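Visitor: Please give me a close look at a single part of this model. I would like the strand pairing and the turns, then a few residues beyond them.

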Amino acid sequence: MKILLVEDNKHLGQSLSKGLMEEGFSVQLEQDGFKARDLIFQQDWDLFIFDIMLPGLSGIELCELIRFKKMITPIIILSALGEPEDKIKALDKGADDYLVKPFHFQELISRINALNRRSNNYQQQLQEDLFCDNLKLNYKAHKVERNGHTIELSQKEFLLLKTLLEHKNEVVSRQTILQNVWKTQQDTYTNVIDVYISYLRSKIDTKGETKLIHTVKGRGYMIAEH
């Protein structure tokens, strides 16, 4: 794996870079958000690891830029900010995982390996179009339409909808949603699922349209035409 690590704490950045290379990863360390932005588009990367507080552009702004360009390269955010609101903001802007400092290095390695496995599986399982009633999701174009009208979704909303559509007429457990959308199994993220289901409903199940997203009490969620 080729990793771009952006961390402005010189000691921590060098320590992480050294440890990652010892694990067999190819790592380029950068400390400035503007320089990182240039590197993102100059080379091909398998993973981005960003601190939030950076000179120039923040880690969150880099996430936004990457997702705006429709890049699906996994992103891990490292931050001393551990409040749920901080995590939600980072995940909503396109991060795939969020690790609070201080953390054990082996936990970072485990999360990198998990993201890599899921990214590889994800690429293999991509489908061109997914449907439910008059709702259509096109992955390659990153486009969602209902009754011919385009619906704007955030990266996480898009992945959540894709997960539901891949299991149309089936109950999707909260654990499956966590794995597919947030690339984690941590229970601390479960309240985020409720928030994003609400976001999705407000955009998909609008007035006058058949309600497609259903809650199955005690089991999870389902997208179905009836």
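**Hairpins, sheet and selected residues**

Guide: Start with the hairpin of S10 and S11: three residues lie between the strands, and glycine 218 has a positive phi near 80°. The model is predicted, so to speak of local features pLDDT must be at least 70, side-chain atom pairs count only at pLDDT 80 or more, and totals for chains, interfaces and linings use all residues. Numbering starts from 1 along each chain as its sequence is written, and side-chain values use heavy atoms, with hydrogens and water left out.

Strands (E, at least two residues) and helices (H or I, at least four) are DSSP runs, numbered from the N terminus. Two strands pair if DSSP finds at least two bridges between them. S10 covers residues 213–216 and S11 covers residues 220–223; four bridges pair them in the antiparallel sense. Valine 216 has glycine 220 of S11 as its bridge partner.

Now the sheet. Four strands make an open sheet, ordered S6-S7-S8-S9, with antiparallel pairing. Strands S6 (129–132) and S9 (149–151) are at the edges with a single partner strand each, so one side of each has no neighbour in the sheet. On average, neighbouring strands here are turned by 25° against each other, direction ignored. Helix H6, residues 155–166, packs on this sheet and touches S6, S7 and S8. The direction of H6 makes about 115° with that of S7. Such axes are lines fitted to C-alpha atoms, for helices over the stretch in contact; angles run from 0 to 180 degrees between N-to-C directions. Contact means heavy atoms within 4.5 Å.

Take the sheet's hairpins in turn. S7 (residues 135–138) pairs with S8 (residues 143–146) over four bridges, in the antiparallel sense. Leucine 137 is opposite valine 144 of S8. Four residues separate S7 from S8 in their hairpin, and histidine 142 in that turn has a positive phi of about 50°. In a regular strand, side chains alternate between the two faces of the sheet.

Asparagine 138 belongs to S7. Its relative accessibility is 13%, so asparagine 138 counts as buried. Buried means under 20% relative accessible area, exposed over 50%, and partly exposed in between (1.4 Å probe, protein chains only). The asparagine 138 side chain reaches the backbone nitrogen of alanine 141 at 2.6 Å. For a polar contact, N or O atoms must lie within 3.5 Å; within protein one must be able to donate a hydrogen and the other to accept it, and residues adjacent in sequence count only if both atoms are side-chain atoms.

Next, S8 and S9. These strands run antiparallel, joined by three bridges. Arginine 146 faces histidine 149 of S9 across the pairing. Two residues lie between S8 and S9 in their hairpin. Asparagine 147 sits in that turn. Its phi is positive, about 55°, although asparagine 147 is not a glycine. Asparagine 147 is partly exposed, at 49% relative accessible area.

Then the earlier part of the chain. UniProt lists residues 2–116 as "domain: Response regulatory" in an unreviewed entry. Positions from UniProt are given in the numbering used here, feature names are shortened, and annotations may be inferred rather than shown by experiment. The span of residues 2–116 is 47% helix and 21% strand, with its end C-alpha atoms 11 Å apart.

Aspartate 51 lies in strand S3 (residues 47–51) and is buried at 6% relative accessibility. Leaving aside residues up to four places away in sequence, aspartate 51 touches Val6, Glu7, Asp8, Gly59, Leu78, Ser79 and Lys101. The peptide bond from lysine 101 to proline 102 is cis, with omega near -10°. Proline 102 sits in the loop between strand S5 (97–100) and helix H5 (105–124).

Phenylalanine 50 is also placed in S3. At 0% relative accessibility, phenylalanine 50 is buried. With residues up to four places away in sequence left out, its contacts include Leu4, Ile40, Cys63 and Ile76. Cysteine 63 is buried at 0% relative accessibility, and cysteine 132 is buried at 0% too. The structure holds zero disulfides, a disulfide being a pair of cysteine sulfur atoms within 2.5 Å.
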